[in-house]
Amino acid sequence: MQAADLDVLIVDDHEGMRVLLTRVLARVGVQRVRQAANGAGALAALNQRPASLVLADRNMPGMSGLAFVAAVRADAALAHARIIMISGDVSPEHREAARAAGADAVLEKPISPRDLLSAIE
């Protein structure tokens with residue numbers, strides 16, 4: 001899938017991270033980027049319009065990133081999305097938990113544009 005064809009949802013409770021990821025995606029030609037500050041808001045956004053790619057923070061208040069990913073995977077209408085979990089802690093246990101919840105990839109914060117682009121491709 002070409003960058004221009006992606007429909008991305010960024011889920012992170014830190015606005016600065018959402019803005020940074022949006023800018024990185026725009027530089028490579030991604031035109032459709034939405035943002036949500038938490039898991040519940042992200043599920044509502046996905047139910048309005050499914051995304052082809054979701055970038056989700058692991059540690060968020062309320063619904064954690066793990067719970068969010070599991071909820072997406074449990075919904076047949078949303079389960080097709082590629083999900084990349086982003087976390088400051090990528091210990092083997094946390095990587096396994098993210099994969100068990102349904103994440104396709106796990107990236108460590110601070111995230112480099114190169115790592116993000118590599119994970120998307």
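**Reading helix packing and cores**

Modeller: Helix α2 (residues 39-48) packs with helix α3 (residues 65-74) at an angle of about 25 degrees, and their axes are 9 Å apart. Please keep in mind that this is a predicted model.

Colleague: What describes two packed helices in general?

Modeller: Two packed helices are described by the angle between their axes and by the distance between the axes. In the present case, the angle of about 25 degrees is under 35 degrees, and therefore α2 is roughly parallel to α3. The crossing of these two helices, α2 and α3, is right-handed.

Colleague: Which residues make the contact of α2 and α3?

Modeller: From α2 come Gly39, Ala42, Leu43 and Leu46, while α3 contributes Phe68, Ala71 and Val72. By class, the residues of this contact of α2 with α3 comprise six nonpolar, one polar and no charged.

Colleague: At what angle do α1 and α5 pack?

Modeller: Helix α1 (residues 15-27) and helix α5 (residues 113-120) pack at an angle of about 65 degrees, with 11 Å between their axes. The range from 65 to 115 degrees counts as roughly perpendicular, so α1 is roughly perpendicular to α5. The crossing of α1 and α5 is right-handed. Here Leu21, Val24 and Leu25 of α1 meet Pro113, Leu116 and Ile120 of α5. The contact of α1 with α5 has six nonpolar residues, no polar and no charged ones.

Colleague: How many residues does the largest nonpolar core have?

Modeller: The largest nonpolar core has 23 residues, and those with the most contacts inside it are Leu9, Val11, Leu46, Val54, Phe68 and Val72. At least two residues of this core are supplied by each of β1 (7-11), α2, β3 (53-57), α3, β4 (82-87) and α4 (92-101). Helix α2 gives the most to this core, with four residues. There is also a second, separate core of 18 residues, which includes Leu21, Leu25, Leu107 and Leu116.

Colleague: With which residues is Val72 in contact, leaving aside its neighbours within four places in sequence?

Modeller: Val72 is then in contact with Leu43, Leu46, Leu78, Ala79 and Ile83.

Colleague: Why does Ala70 count as partly exposed?

Modeller: Ala70 is found in helix α3. Its relative accessibility is 35%, so Ala70 counts as partly exposed, a class that lies between under 20% for buried and over 50% for exposed. Ala70 and Ala100 are 30 residues apart in sequence, and their C-alpha to C-alpha distance is 8.6 Å.

Technical notes: Residues are numbered from 1 along each chain as its sequence is written. This is a predicted model: local features need pLDDT of at least 70, side-chain atom pairs count only at pLDDT 80 or more; totals for chains, interfaces and linings use all residues. Side-chain values use heavy atoms; hydrogens and water are left out. Axes are lines fitted to C-alpha atoms, for helices over the stretch in contact, and angles run from 0 to 180 degrees between N-to-C directions. Angles under 35 degrees count as roughly parallel, over 145 as roughly antiparallel, 65 to 115 as roughly perpendicular and the rest as oblique. A crossing is left-handed if the near helix is turned anticlockwise from the far one by less than a right angle, and right-handed if clockwise. Contact means heavy atoms within 4.5 Å. Ala, Val, Leu, Ile, Met, Phe, Trp, Tyr, Cys and Pro count as nonpolar, Asp, Glu, Lys and Arg as charged, and the others, Gly among them, as polar. A nonpolar core is a set of buried Ala, Val, Leu, Ile, Met, Phe, Trp, Tyr and Cys residues joined through side-chain atoms within 4.5 Å. Buried means under 20% relative accessible area, exposed over 50%, partly exposed in between (1.4 Å probe, protein chains only).
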